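Here are my notes on this structure, written as a list you can follow with the viewer open. Take the points one by one and find each residue as you read.

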Amino acid sequence: MQVPPASSSRVVEVQGRGRIVCPPGVSVLRAMVAAGRADLPLGCRSGGCGVCRVRVEHGEYTVGPMSAAQVDAEAAAEGIALACRLFPSTDLRITAIGRRIPRATAGTAATRTESTTSNSRRNAS
Amino acid sequence: MTITGVMRTGEVVIKVVDIDAAREHYGERVGLIETLRDENGTTYYKAWDEHDLYSIVIRPSDSPGIGHVAFKTVDDAALTEVTDKLHELGIETTDLPAESMPRSGRRVRFILPTGHEAHLYAEKEQCGNGMPLHNPGTMPPPGTVRGMRVTRLDHCLLGGQDIDGNTAIFRDAFGWNLSEKLIDHESEMTLVMFWTGSNKPHDIAFVRQPEDNRFHHASFLLESVNDVYHAADLMGYYDIPVEVGPTRHGITRGATIYFFDPSGNRNEVFTDGYLHYPDSPTLVWDTSKLGQAIFSQDNTPRQSFLEVLT
């Protein structure tokens with residue numbers, strides 16, 4: 001396998017946590033796991049559960065398929081993404097915001113955001 | 001035990017965001033057998049040793065999670081009988097005509113107290129397991145058993161608020177037994193309930209969650225612990241996201257791996273466990289032994305296992 005040149009990796013700064021070096025074509029979350037880091041919480045790693053939801057504060061990126069229950073079109077336009085589906089085009093600065101939880105109250109679109117204070121955890125898989 | 005009335009969890013519909021990736025996952029990696037596909041992309045699978053035409057259905061959607069879960073009754077009379085019991089319990093039902101799910105007979109739809117859509121049905125076309133019915137031999141044609149070597153859909157675990165409310169359905173209408181439960185060791189609130197309608201440790205389970213209609217996992221039965229290890233090797237080879245590698249549950253005593261499909265729905269491969277009979281006492285675990293209850297080799301719970309659902 002050809003090792004990509006170091007210059008093409010992007011640096012992702014997770015506000016208040018640390019920096020993830022992200023090789024081309026590798027999602028932010030996958031790069032984090034591969035480096036043995038735990039800057040963001042780890043869930044399904046497949047765009048579904050939303051625990052790795054972030055706001056991109058600065059930089060350009062592309063995304064893969066994600067659950068609309070976690071990132072709808074409006075949120076996507078505001079720079080919200082799931083780190084497991086986030087591919088940096090430039091260096092990024094991101095903030096962990098946790099999964100989107102619809103309120104139990106029927107008929108309201110209001111949501112709250114889960115605390116991410118426990119996100120230094122890692123799976124033992 | 002004599003299986004009467006509602007036989008099993010016979011069908012789970014899983015919503016997927018990327019249908020092509022999901023087909024690769026369920027068809028090629030897990031190794032289920034595709035039997036039908038409709039114009040919307042909905043794809044129907046069976047595990048090799050099931051006779052019914054399908055048990056796992058993947059349906060395109062903008063978000064992952066569960067579509068519905070369906071329970072098969074022994075015959076149409078049992079379907080009517082269980083429906084009457086639901087009505088006696090005050091559960092509203094809707095009749096669905098034959099073919100509302102393909103090659104399947106009439107259905108009765110209702111909503112569980114945990115918010116999940118459930119169906120009862122008595123009829124579904126059978127296509128067999130690849131072996132003759134007369135002098136069947138001991139194995140299907142080579143190549144039939146593929147991928148993770150799944151033999152059957154085993155059970156599913158669903159999340160919602162009123163898991164106690166489901167008791168009326170499963171105990172009183174279905175006549176199933178509570179094989180095990182996990183309770184909070186201080187408040188004694190029930191956190192997870194395991195229901196069986198057969199000799200298996202569970203056919204469906206429910207975990208208390210702040211949101212209704214949530215999907216924790218669908219579980220696929222394997223023949224042996226060797227096959228669990230083989231599945232783990234495949235997950236590594238294909239870089240499938242694994243939550244917990246081969247280990248054993250305290251609850252059910254089953255050997256397990258949890259992993260995720262490409263839309264983030266949790267899957268499990270499962271084998272072993274004990275035999276349940278109607279006179280088997282309900283086993284109770286409490287959260288002072290949470291680690292052992294869930295993963296009994298390292299006795300350590302995983303945060304994601306408790307919090308990640310679709």
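The points below go from the ground rules to the chains, their interface and a few local details.

1. Ground rules. This is a predicted model, where local features need pLDDT of at least 70, side-chain atom pairs count only at pLDDT 80 or more, and totals for chains, interfaces and linings use all residues; side-chain values use heavy atoms, with hydrogens and water left out. Residues are numbered from 1 along each chain as its sequence is written, and chains are lettered from A and ligands numbered from 1 in the order in which they are written.

2. Chain A. Let's start with the fold: chain A has 2 helices and 9 strands (DSSP runs numbered from the N terminus, H or I of at least four residues for helices and E of at least two for strands). Along the sequence they come in the order β-β-α-β-β-α-β-β-β-β-β. Of its 125 residues, 44% count as buried (under 20% relative accessible area; exposed is over 50%, partly exposed is in between, with a 1.4 Å probe and protein chains only). Take the contacts (heavy atoms within 4.5 Å) in chain A between residues at least 6 apart in sequence: 56% of them join residues at least 24 apart.

3. Where the chains meet. Here 23 residues of chain A are in contact with 25 residues of chain B. The area buried between them is about 1,700 Å², and carbon and sulfur atoms give 51% of that (buried area is the accessible area, 1.4 Å probe, that two parts lose on being put together, summed over both). The count between chain A and chain B is 2 salt bridges (a side-chain nitrogen of Lys or Arg within 4 Å of a carboxyl oxygen of Asp or Glu).

4. A bridge across the interface. What does R30(A) form a salt bridge with? The partner is D239(B), and the closest N and O atoms are 2.4 Å apart. Over all chains, the count comes to 23 salt bridges. R30(A) lies in helix α1 (residues 28-34) of chain A and D239(B) in the loop between α4 (225-237) and β14 of chain B, so this pair joins two chains. R30(A) is partly exposed at 39% relative accessibility, and D239(B) is partly exposed too, with 48%.

5. Bridges in chain B. E24(B) and R29(B) form a salt bridge, with their closest N and O atoms 3.5 Å apart. E24(B) counts as partly exposed at 42%, whereas R29(B), at 19%, counts as buried. D154(B) and K200(B) meet in another salt bridge, 3.3 Å from N to O. D154(B) sits in strand β9 (residues 152-160) and K200(B) in the loop between β11 and β12, so the pair ties together parts that are 46 residues apart in sequence. D154(B) is buried at 4%, while K200(B) is partly exposed at 24%. Salt bridges that share partners also join R99(A), E211(B) and R214(B) into one network.

6. Aromatic rings. There are 14 aromatic pairs over all chains (rings of Phe, Tyr and Trp, its six-membered ring, with centres within 6.5 Å; planes under 30 degrees apart are stacked, over 60 edge-to-face and the rest tilted). F170(B) and W195(B) are stacked, at 6.1 Å centre to centre and 25° between the planes. This pair links distant parts of the chain, as F170(B) is in helix α3 (residues 166-173) and W195(B) in strand β11 (residues 190-196), 25 residues apart. Both F170(B) and W195(B) are buried. Y237(B) and Y238(B) have ring centres 5.0 Å apart and planes at 85°, so that pair is edge-to-face. Ring pairs also link F71(B), F170(B), F174(B), W176(B), W195(B) and F206(B) into a cluster.

7. Around L309(B). Is L309(B) buried or exposed? At 2% relative accessibility, L309(B) counts as buried, and its place is in the segment after α6 of chain B. Beyond its neighbours within four places in sequence, L309(B) has contacts that include C49(A), G159(B) and V207(B).

8. Backbone check. R253(B) has a positive phi near 60° although it is not glycine, and it lies in the loop between β14 (242-248) and β15 (254-260). N299(B), also not glycine, has a positive phi near 55° and lies in the loop between α5 (290-294) and α6 (303-307).
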